[in-house]
Amino acid sequence: MTPTPTRKRRKALAGGLASVAVLAGIGLLGGQPWASAASNITFDTGTGVTFVVNSTNGNMTSLTHNGTELTASGQAAGQFESGWSSATVTGQTFNSGSSILVSATNSSIGVTQYYFARKNDNTIYMATNITKALNPGEARFITRLKSSLLTTSPVAARTAGTSSTVEGSDVFAFADGQTASKFFSSQRLITQQPFGASGNGHGAYLIPGNNDMTSGGPFFRDIEVNDTGTAVNITHYMFSGHQQTEALRLGLHGPYALALTDGTSPTLHSMDFLSSYIPGLLSNAQRGGVSGTASGSWNGLSATVGLAGANGQYWGQVKSGQFVIGHVKPGTYTATLYAGELAVGATKSITVTAGATTSLAMTGSVPAAGTLFQLGKFDGTPAGFLNADKIETQHPSDTRMSSWTASSYSATDAAKFPMAEFKSVNSPMALNFSLSSVPSNGVKLRIGTTSSFAGGRPAVTVGSYSSPSSASPAPTNLDSRNITRGTWRGINTTYTFTIPASALKTGTNTLSISTISGSSGTTFLSPNFIFDALALDPA
């Protein structure tokens, strides 16, 4: 069919870039749009990557690499959440047709999904503008590709071949009792690298790009890659509700990108050029920065300064007492100093302006070590406790886990003390500790926790003493599973118990730690909490 021009080009951007409004049904040739019987928008990057966007609903329906279709049968090559039945889809070409921006808007939920591509680049760049609270409360871009082609992906997240369901519809077990889940593919945002799958001369990788509108802070982790056997799902989460400590941020999320390669992982790179094409995306020149100093006693831990506000989240690692945080949207933020993953010291409010660097001095120290005993480090993680080295990639029921129960534990060996206590699995736990003499005013016990589920929190008994309910206030309810999804990252809380001298004795004492909650549950879905550290001092 010979294409028939239907509309003249019009100027859309400064600098002489031309744009065209794309009608339903489009072909592209030299930037000229035309009416067509086809219902798709197709773009060939010239690097072996071609993609198709359905102009009815905004889904990416096809993704080919070097002539091979990568899209899983019956699935979408890319879509927001689980896709839409309808959307307003428009397109613009730039630079004599060598670049394209496709915009898909669902006004009823208040979301616009952007796709940008250009010649001689094997990457599809994306951004998502969210203007309303979402129901269901999650925001993600997901691509579903052929697992028969992309055979290499994170092993712990390959659920293909599992024989039973462990919990929900997202954690599974093989016949030998080993577990797998899409949750076991996650990386902390602060260290996140491109992720995806490869095989047979193809690679598909999500480049996280700018996470400044994602919620949860620098140490948050979420689903990335999952091979179900039917498809390899590669997901960029902007908000999930999975142990989320912050609300959804409204506004433009991204940019992020999907790169197709010969199998090698791409590198992180600047996407600042997209500010010339994607509406509402601020360029680096339109942003500001923060630099300053951080001081305190951190017990050998690495330190990070994080910013959080309605306009975004940012962070910078402390090196030799100094830090720099760049490319920050103008606005007011709360600054927090972290030692490891633990917030220390007082937060500060800081205002960032475009084109300027604001100075900031932060100070804070980790809690003092216990003088009578200490298990673990106050670092915001369960590192050093039993099973903490496995929990990111294994369900607590996994046969590779060490036993969560024992008759008693010693205050001298954190490696044998479980990282978490579950109301229906290993509560109470008996911890033996020795006193050479009883402090006249008794002792003070601190139990630091990193997360809780279903209201779980610690209560203690020593000799004739049982802690009052006031010593174990109910934690913030994040309404989400934690440890069974491979994460300990929640809200750090320290519970302090003052134990009278009358309950103690010289020699061996036994501290009984119980999980209390107004809720119930079975096995590893019973109320629980995760240990950061335990410390005992004279009161």
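## The largest cavity

Strand β19 (residues 232-239) contributes three residues to the lining of the largest cavity, the most of any element. Helices (H or I, at least four residues) and strands (E, at least two) are DSSP runs, numbered from the N terminus. The model is predicted, and local features need pLDDT of at least 70, side-chain atom pairs count only at pLDDT 80 or more, while totals for chains, interfaces and linings use all residues. Residues are numbered from 1 along each chain as its sequence is written, and side-chain values use heavy atoms, with hydrogens and water left out.

Rolling a probe the size of a water molecule over the atoms shows where empty space is left. Here a 1 Å grid over the protein atoms alone is used: a cavity is a set of points where a 1.4 Å probe fits but cannot get out, a pocket is an open set with protein on both sides within 12 Å along at least five of seven lines, and lining residues have an atom within 4 Å of a point. Grid points are joined across faces, edges and corners, and a volume is the space filled by probe spheres set on the points. In the whole structure, the search finds four cavities of 30 Å³ or more. The volume of the largest cavity is about 90 Å³. It is lined by 14 residues, and L189, Q192, D222, I223 and Y237 are the closest to its centre. By class, this lining has five nonpolar, six polar and three charged residues. Ala, Val, Leu, Ile, Met, Phe, Trp, Tyr, Cys and Pro count as nonpolar, Asp, Glu, Lys and Arg as charged, and the others, Gly among them, as polar.

## The second largest cavity

The second largest cavity holds about 80 Å³ of space. Its lining consists of F183, S186, R221, D222, H242, Q243, R485, G486 and T487. One of these residues is nonpolar, five are polar and three are charged.

The largest pocket has a volume of about 850 Å³. Its lining has 31 residues, and G209, N210, N211, G326 and H327 lie nearest the centre. Strand β23 gives the most, with five residues. The lining divides into 13 nonpolar, 15 polar and three charged residues.

The second largest pocket has a volume of about 380 Å³. Of the 21 residues that line this pocket, G216, G217, T245, Y338 and G490 lie nearest its centre. At least two lining residues come from each of β22 (303-309), β23 and β25 (331-339). The classes are nine nonpolar, nine polar and three charged.

## A sheet of three strands

Strands of a sheet pair through backbone hydrogen bonds, either parallel or antiparallel. In this model, an open sheet is formed by three strands in the order β13-β14-β15, with antiparallel pairing. The edges are β13 (164-167) and β15 (179-181); each has a single partner strand, so one side of each is left without a neighbour in the sheet. On average, neighbouring strands of this sheet are turned by 35° against each other, direction ignored. Axes for such angles are lines fitted to C-alpha atoms, for helices over the stretch in contact, and angles run from 0 to 180 degrees between N-to-C directions.

Two strands pair if DSSP finds at least two bridges between them. Strand β13 is joined to the antiparallel strand β14 (residues 171-173) by three bridges. In one of them, E167 has V171 of β14 as its bridge partner.

## Backbone details in loops

The bond from N135 to P136 has omega near 5°, and P136 lies in the loop between β11 (123-130) and β12 (139-145). The bond that joins S427 and P428 has omega of about 0°. P428 is placed in the loop between β30 (420-422) and β31 (429-435).

E81, which is not a glycine, has a positive phi near 50°. This residue is in the loop between β7 (79-80) and β8 (88-94). E81 counts as buried because its relative accessibility is 13%. Buried means under 20% relative accessible area, exposed over 50%, and partly exposed in between (1.4 Å probe, protein chains only). A454, also not a glycine, has a positive phi of about 55°. A454 sits in the loop between β32 (443-453) and β33 (457-462), and at 24% relative accessibility it counts as partly exposed.
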